[in-house]
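Hello,

Please open it below; my notes on what was found follow.

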Amino acid sequence: MEVFVQQLINGITLGSIYGLIAIGYTMVFGIIGMVNFAHGDVFMVSAFIALITLLLLTTWLGIGSFALALFIVLIVAMLFTSLVNWAIERVAYRPLRGSFRLAPLISAIGMSIFLSNFVQVAQGPRVKSVPPFFNEVIVLTSASSGYEVAVSYKQIVVWVVTAALLLVFWFVVSKTALGRAQRACEQDQKMAALLGIDVDRTVSITFVIAAALAAVAGTMYLMYYGVVSFADGFVPGVKAFTAAVLGGIGSLPGAVIGGLLIGLIETMWSAYFSIDYKDVAAFSVLAITMIFLPQGILGRPDVEKV
Amino acid sequence: MTHEASAPASRVDIVHALRETAITALIAFGLLLPLIGFNTVQNIHNELVLETRWPLLAAMVAIIAGGRFLHAILLAPWLARHAVRSRQHGEAAHPAVRGRFTRLLVPFTLGFAVLYPVIALSLAGTQGAVKWIDNFGVQILIYVMLGWGLNIVVGLAGLLDLGYVAFYAVGAYSYALLANAFGLSFWILLPVAGCLAAFWGILLGFPVLRLRGDYLAIVTLAFGEIIRLILINWVPMTNGYAGISGIPRPTFFGIPFNASDEGFAARFGLEFSPIYRTIFLYYLILGLAMLTAALTVRLRRLPIGRAWEALREDEIACRSLGINTTNTKLTAFAMGAMFAGFAGSFFAARQGFISPESFTFMESAVIVAIVVLGGMGSLLGVAIAAVIMIGGTEIMRELDFLKLVFGSDFDPTQYRMLLFGFGMVLIMVWRPRGLIATREPSTFLNAPRFSLFRARKAESAQPSLARERHG
């Protein structure tokens with residue numbers, strides 16, 4: 001039981017990170033119907049930006065308060081990652097809009113290869129680690145067996161930041177003119193354009209929002225695990241995509257639910273079965289969902305039109 | 001980035017160009033500031049510290065801004081003029097001209113491929129030729145073969161498979177394990193590996209029959225990764241990360257390539273040299289690739305090939321006409337997987353060592369890139385793309401003179417995949433349909449010969465109902 005509760009806590013933390021990335025997939029798929037294959041690498045780039053900002057703040061400027069440092073790191077990472085994703089959309093995807101279906105996917109795969117190799121060349125192939133911080137834990141129960149269920153401050157930070165940003169994000173999408181334009185473009189781009197919505201601008205903003213959330217995930221990932229390397233984009237990217245599909249691609253709450261589910265499946269699998277095969281479990285969930293439940297948990301069924 | 005094509009071609013707008021340059025420089029600065037401006041390095045205490053690289057950052061921003069400026073004042077006006085001219089003179093490259101060019105190119109390329117070892121030997125000598133035949137010839141031909149195999153699935157049947165490397169791995173491991181366990185020869189195991197890979201093609205093809213487009217791509221990616229992870233973790237069978245070594249090399253129909261009296265060189269009264277095996281391997285993979293090409297060309301003219309192309313064009317129409325889409329898809333998967341199995345067992349025999357490292361997603365992405373960049377369905381296009389992408393990245397290894405320019409710690413090989421990814425994006429943006437345009441269906445019903453004139457379909461009177469295209 002204690003193991004289960006502990007894994008539940010770990011799983012929700014991991015799932016929050018996946019959920020944040022998954023929203024990026026789901027939004028981009030919703031608006032231009034494309035699997036943004038490079039999104040996982042955008043997440044990885046954001047973790048590197050966060051790492052560099054953190055080092056800049058702590059070693060150069062000597063900011064002692066981790067809470068303040070984390071706040072600044074979040075803002076900076078969101079800004080720069082948004083710029084990166086904006087540029088990617090502009091250079092690699094926009095010229096291909098209206099081209100044949102697979103062209104943007106291929107371009108995105110190329111972009112993914114480019115980004116991970118760019119980081120490898122620019123920052124070196126070694127795994128980068130930051131000194132651990134927020135290491136204090138709150139012990140919830142102490143079982144007779146001596147197994148302690150504990151929540152670390154890091155995990156609480158991940159939950160709080162994720163929840164707060166999801167709230168802000170939900171507000172933007174559902175209550176503002178920007179969000180309305182975005183949802184209109186998702187439904188019918190041509191009609192939205194006829195009604196005076198700048199579709200290109202809306203798509204750009206979608207990429208910017210997706211990148212900002214990926215940057216939050218990247219910062220949380222860096223803080224939670226304390227390490228990042230150039231190759232860290234691919235697997236979390238695929239898992240987050242699985243989360244988006246599981247929740248129902250195109251559905252924003254679905255992405256969060258899917259992320260939490262994938263996080264839980266992964267940690268439970270590692271705890272009760274085999275940690276070596278945890279990625280196999282995640283990939284199998286992806287395949288099984290796509291085959292048996294292609295519309296996901298909250299997605300609309302895909303009606304085939306002739 | 002914005003379209004200057006509409007601007008008057010004769011007048012170069014310097015102010016506009018300068019403004020665009022300034023904006024580009026600003027964006028480039030923002031993009032490169034974190035990752036180029038700063039470098040994270042470990043100091044003596046094993047702590048991560050920051051270093052700055054302002055000169056490098058400035059140089060890169062200057063190069064990007066300079067490129068944008070040149071684009072704005074030279075390239076964009078030229079493109080605009082060119083567009084106007086080609087609109088006046090109709091389509092520049094007439095299809096008939098292109099057809100004749102292609103017809104000449106195929107025998108020429110074939111001849112070059114057959115004579116390549118001879119050319120390499122005469123130019124580089126016995127010692128130098130091994131590298132050129134092995135690193136360039138054999139390596140490129142493996143990818144040509146994989147590209148042609150995947151071309152059946154992606155190019156003909158229109159099913160995007162991102163896990164193709166799994167079948168390559170099945171072929172390689174089948175050969176390695178069976179050869180090591182039972183001592184069977186390469187020539188027996190080559191078809192066995194092909195059949196096993198085809199079997200896996202059907203097995204993995206079954207669950208994904210209903211999926212299309214991006215979804216199919218992602219599920220096949222997941223399958224490919226699952227197979228790789230199993231190869232890594234199933235240590236008793238596959239020896240995990242350490243891989244399998246000591247795989248028997250192929251023989252010349254029973255005669256091994258070694259220095260013994262029974263060896264190839266001794267039998268034929270030649271002096272022993274590793275070059276014979278390399279040349280043999282070259283012709284072996286050339287033969288296998290040609291087999292793939294020949295079968296593809298024949299299959300395209302059989303009912304099943306027609307069904308594949310029909311499936312690619314419109315699945316619903318295909319089903320409405322009574323084509324069994326299940327069988328059509330599964331045969332495409334099986335055929336494609338079989339050729340990957342052949343290539344895989346050749347790879348294992350050539351290397352003598354295999355490990356899961358050789359079968360990462362990156363390999364699948366490279367093969368897909370070759371097929372799509374070459375122009376889906378076009379055999380010649382795929383071959384050209386393989387030569388450019390693989391030959392181009394291999395040639396990066398040879399650019400040692402760059403060390404003189406950039407200093408001795410400059411390693412051109414680490415830029416291989418960087419340029420590869422960038423090239424993929426660039427070619428997609430420049431020619432989304434591939435270097436050689438995507439293959440149109442081999443057969444048209446009452447349609448003109450070239451799709452360029454499809455719009456005038458109604459007024460063109462064709463003598464026969466159905467027209468066929470070859471090549």
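Asn239(B) sits in the loop that runs between helix H7 (235–238) and strand E3 (244–245) of chain B. Keep in mind here and below that the model is a predicted one. Although Asn239(B) is not a glycine, its phi is positive, at about 65°. Most residues other than glycine have a negative phi.

Next, the layout of chain B. The chain is divided into domain 1, residues 14–88, and domain 2, residues 102–430. Between the C-alpha centres of domain 1 and domain 2 of chain B there are 37 Å.

Chain B also touches chain A. In this interface, 48 residues of chain B are in contact with 53 residues of chain A. On the chain B side, the elements that give two or more residues are helix H1 (14–37), strand E1 (38–42), strand E2 (48–52), helix H6 (213–233), helix H13 (361–374) and helix H16 (416–430). Which of them gives the most? That is H6(B), with 13 residues. By type, the residues on the side of chain B that touches chain A are 38 nonpolar, seven polar and three charged.

In chain A, one helix pair is worth a look. Helix H1 (residues 2–32) and helix H5 (residues 153–175) of chain A pack with their axes 10 Å apart, at an angle of about 40°. The crossing of H1(A) past H5(A) is left-handed. From H1(A), the contact uses Ile9(A), Thr13(A), Ser16(A), Ile17(A) and Leu20(A); from H5(A), it uses Gln155(A), Val158(A), Trp159(A) and Thr162(A). Five of the residues in this contact of H1(A) with H5(A) are nonpolar and four are polar, with no charged ones.

Last, a residue elsewhere in chain A. Arg180(A) belongs to helix H6 (residues 177–187) of chain A. Arg180(A) has 15 C-beta neighbours inside 10 Å and therefore counts as partly exposed. From Arg180(A) to Met290(A) the separation is 110 residues in sequence and 29 Å in space, C-alpha to C-alpha.

Regards

Note on methods
Residues are numbered from 1 along each chain as its sequence is written. Chains are lettered from A and ligands numbered from 1 in the order in which they are written. This is a predicted model: local features need pLDDT of at least 70, side-chain atom pairs count only at pLDDT 80 or more; totals for chains, interfaces and linings use all residues. Two residues are in contact if their C-beta atoms, placed from the backbone, lie within 7 Å. Helices (H or I, at least four residues) and strands (E, at least two) are DSSP runs, numbered from the N terminus. Ala, Val, Leu, Ile, Met, Phe, Trp, Tyr, Cys and Pro count as nonpolar, Asp, Glu, Lys and Arg as charged, and the others, Gly among them, as polar. Domain bounds come from an automatic or database domain assignment. Axes are lines fitted to C-alpha atoms, for helices over the stretch in contact, and angles run from 0 to 180 degrees between N-to-C directions. A crossing is left-handed if the near helix is turned anticlockwise from the far one by less than a right angle, and right-handed if clockwise. A residue is buried if 20 or more other C-beta atoms lie within 10 Å of its own, exposed if 12 or fewer, and partly exposed in between; C-beta atoms are placed from the backbone.
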